[in-house]
Each structure stands twice: as structure tokens, then as C-alpha cells.
Amino acid sequence: MKNILENAYSCLVNENLEEAKKNFLLIKEQDIRASWALFMISLIEGDVREYPTYFQLRNFLEIDLNILIQNFKGEYAEKVIRYCDFMFTINPEVYKFIGRCLYNNKLEEQALFFLEKAKSYFWHDPELHYLLAYIYYNKKDFSASRKCAEHCLQILPKYFPALDLMSKIA
């Protein structure tokens with residue numbers, strides 16, 4: 001079978017975790033994404049026995065949370081997100097990845113929670129402040145939006161998205 005990875009993801013979103021695991025196991029040694037997906041399934045099943053790598057979290061967490069949300073697997077996404085503090089110990093950007101994914105899926109209140117949490121660890125991340133500014137802008141909290149955009153521009157003065165947002169706030 002040529003498309004083992006795709007087939008495995010199809011099984012995952014169709015809630016056939018056993019078949020998904022079988023397929024991911026076939027290519028685990030050759031495909032880092034399959035290895036990551038097996039870890040993600042362990043989170044969904046609540047049976048974590050391994051650690052993901054820093055780069056697996058960086059490269060795949062946000063993408064796969066998005067796949068779960070877009071395919072109406074909110075329960076799976078919630079189970080993965082429950083392990084955010086554990087995953088944070090491996091890659092401290094996890095809160096930002098989760099927040100950005102939730103934001104992109106129009107779950108702004110939930111995104112706000114994770115992005116504010118990320119701010120405690122990555123104060124010097126301009127994108128983080130911009131995302132917060134934009135969420136506050138959408139909520140019509142222009143004071144908070146301006147404050148976040150200003151923080152963003154203090155870090156990266158020519159960050160165009162923040163400059164554009166500031167022109168809308170002013």
C-alpha cells in the first residue's frame with residue numbers, strides 16, 4: 001500500500017484507532033510523522049508510555065489538532081490538549097501552538113486562554129502579542145488590543161500585521 005500514512009489518518013478521523021495504529025506502526029521507523037501520530041493516539045487513549053520529540057511537537061501538534069477539529073473530533077482534540085503541561089516540558093511553545101490552532105478554528109476564548117499562558121514564557125515573541133491583539137480587537141476591547149500590538153511593535157518595530165492592526169485601532 002503506497003499511502004499508508006494517509007490511510008492511517010483516515011482511520012484516525014473515522015475513530016478506528018486500532019487500524020490507525022496498525023498502519024502507523026508499519027511505517028514508524030521510516031516516517032517521523034507516523035511516530036508522532038502513535039504518540040498522539042496514546043494521548044487520546046490516555047496510555048502515554050513515550051515522549052514526543054521537541055520537533056515532533058513543533059512540526060505536527062498544531063497541524064494534527066487542526067485535522068481533529070476540522071473533522072469534528074473535538075473530543076480527541078480535548079484529550080490531546082489535556083496533556084499540554086506535559087508537552088510543555090518538552091517544547092515550551094506548545095501553549096502558543098494550541099492557542100494559534102484554536103484561534104484559526106474560531107475558538108477565540110479558548111485560544112485566549114492558551115495564548116495568555118504562553119505569554120508568561122515567551123514574552124519576546126511578536127507573533128504571540130499580535131495574535132492576542134487581534135483577538136482583543138475582534139472582541140472590541142481596543143485598549144487591550146492596542147496594548148498587545150504595542151508590545152509586539154516594541155519587540156519587532158516593523159511587524160506589518162501589527163502596524164496594520166494599529167492603523168485600524170487608532
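I began with Lys106, which counts as exposed at 73% relative accessibility; my cut-offs are buried under 20% relative accessible area, exposed over 50% and partly exposed in between, with a 1.4 Å probe and protein chains only. Before going on, I noted that this is a predicted model, where local features need pLDDT of at least 70, side-chain atom pairs count only at pLDDT 80 or more, and totals for chains, interfaces and linings use all residues. Residues are numbered from 1 along each chain as its sequence is written, and side-chain values use heavy atoms, with hydrogens and water left out.

I then placed Lys106 in the loop between helix H7 (94–104) and helix H8 (108–119). My helices are DSSP runs (H or I, at least four residues), numbered from the N terminus. Lys106 is not a glycine, yet its phi is positive, about 60°.

**H7 itself**

How many of the residues of H7 are buried? I found 10 of 11, so H7 is mostly covered.

**Phe72**

I went looking for another positive phi and came to Phe72, a residue other than glycine with phi near 60°. Phe72 sits in the loop between helix H4 (54–70) and helix H5 (74–81). Is Phe72 buried or exposed? With 75% relative accessibility, Phe72 counts as exposed.

**Cysteines**

I checked for disulfides, taking a pair of cysteine sulfur atoms within 2.5 Å as the rule, and the count came to 0. For Cys84, the nearest cysteine sulfur belongs to Cys101 and is 13 Å away, and Cys84 is in no disulfide. Cys84 is buried, with a relative accessible area of 7%.

Cys152 is in no disulfide either; the nearest cysteine sulfur, that of Cys148, lies 9.5 Å away. At 0% relative accessibility, Cys152 counts as buried.

**Arg146**

My last stop was Arg146, in helix H10 (residues 142–155). Its relative accessible area is 31%, so I logged Arg146 as partly exposed. Which residues does Arg146 contact, leaving aside its neighbours within four places in sequence? I found Met166 and Ile169, with contact meaning heavy atoms within 4.5 Å. I also noted that Arg146 and His129 are 17 residues apart in sequence and 10 Å apart in space, C-alpha to C-alpha.

Methods. Helices (H or I, at least four residues) and strands (E, at least two) are DSSP runs, numbered from the N terminus.
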